[in-house]
Amino acid sequence: MGYWIKAGRLFFALMIAGLAGQQLHDGYFRPVLIPTYATHFPGEIVLVYLLSAILIVAAAGILINKQGRMLALGLAGLFFALLLCCHIPYEAFVDRAGRGIGGWNNALKESVMAGGALIRSEEHTS
């Protein structure tokens, strides 16, 4: 069972680090994290780099299991806050395609990432 927990931790951390790497490379928020309507404002790049750094630190801590529980809970809170404050208002009031379930794909991905972080936070340390 310990092997599967370590593998799950590895894949979750790689997914978080991959999102951060994409943001750093592209220089804008990934739509799975923050919808496109909220981007392209003065100073955006600073927040992009800040969020990317937070994600990389959290991914590294989860991967090496150093403060992994605290970091995972922090990520879950961050993803849940982004879901509530960015994705739900965007899909409900801005996006015309949001009327159908297909328009909610990034919001659903955000909720899955929050759930994955919560699962990670409940793991027993090995």
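## The end of helix α2

Just after helix α2, N65 takes a positive phi of about 60 degrees. Helices here are DSSP runs of H or I with at least four residues, numbered from the N terminus. The model is predicted, so local features need pLDDT of at least 70 and side-chain atom pairs count only at pLDDT 80 or more, while totals for chains, interfaces and linings use all residues. Residues are numbered from 1 along each chain as its sequence is written, and side-chain values use heavy atoms, with hydrogens and water left out.

## Confidence

The predictor's confidence in each residue is its pLDDT, on a scale from 0 to 100. The protein chain has a mean of 86. In that chain, 92% of residues reach 70 or more. Helix α2 (residues 44–64) has the highest confidence, at 93. Helix α4 (residues 105–121) has the lowest, at a mean of 88. Where pLDDT is low, the predicted coordinates should not be read in detail.

## Helix α2 and its cover

Helix α2 has 21 residues. Its first and last C-alpha atoms are 30 Å apart, close to the 30 Å expected at 1.5 Å a residue. The expected span is 1.5 Å times one less than the number of residues.

Which residues of α2 are buried? They are E44, V48, L51, S52, L55, A58, A59, G61 and I62. Buried means under 20% relative accessible area, exposed means over 50%, and partly exposed lies in between (1.4 Å probe, protein chains only). Their cover includes α1 (2–26), α3 (68–94) and α4. An α-helix has 3.6 residues a turn, so residues three or four places apart point the same way.

## Helix α1 and Q23

Helix α1 has 25 residues, which should span 36 Å at 1.5 Å a residue. Its end C-alpha atoms are 36 Å apart, which agrees. The buried residues of α1 are A7, R9, F12, A13, I16, L19, A20 and Q23. These pack against α2, α3 and α4. Just after α1, G27 takes a positive phi of about 80 degrees.

Q23 sits in helix α1. Is Q23 buried or exposed? Q23 counts as buried, because its relative accessibility is 0%. Leaving aside neighbours within four places in sequence, Q23 is in contact (heavy atoms within 4.5 Å) with Y28, F29, R30, L33, V48, L51 and S52.

## A nonpolar patch

L10, F11, L14, L63 and I64 form a nonpolar patch on the surface. Together they have about 510 Å² of accessible area, computed by the Shrake-Rupley method with a 1.4 Å probe, where only the protein chains shown count as cover for residues. Patch residues have over 30% relative accessible area and no salt bridge; like charges are joined within 9 Å, and nonpolar side chains (Val, Leu, Ile, Met, Phe, Trp, Tyr) within 5 Å.

Helices α1 and α2 each give two or more residues to this patch. Helix α1 gives the most, with three. L14 is found in α1. L14 is partly exposed, because its relative accessible area is 49%.

## One salt bridge

The structure holds one salt bridge. The term means a side-chain nitrogen of Lys or Arg within 4 Å of a carboxyl oxygen of Asp or Glu. Here the side chains of D26 and R30 meet, at 3.1 Å from N to O. D26 counts as partly exposed, at 32% relative accessibility.

## L83 in helix α3

L83 lies in helix α3. L83 is buried, with a relative accessible area of 12%. L83 and P35 are 48 residues apart in sequence, but 9.7 Å apart in space, C-alpha to C-alpha. Leaving aside neighbours within four places in sequence, L83 is in contact with I88, P89, A107, E110 and S111.
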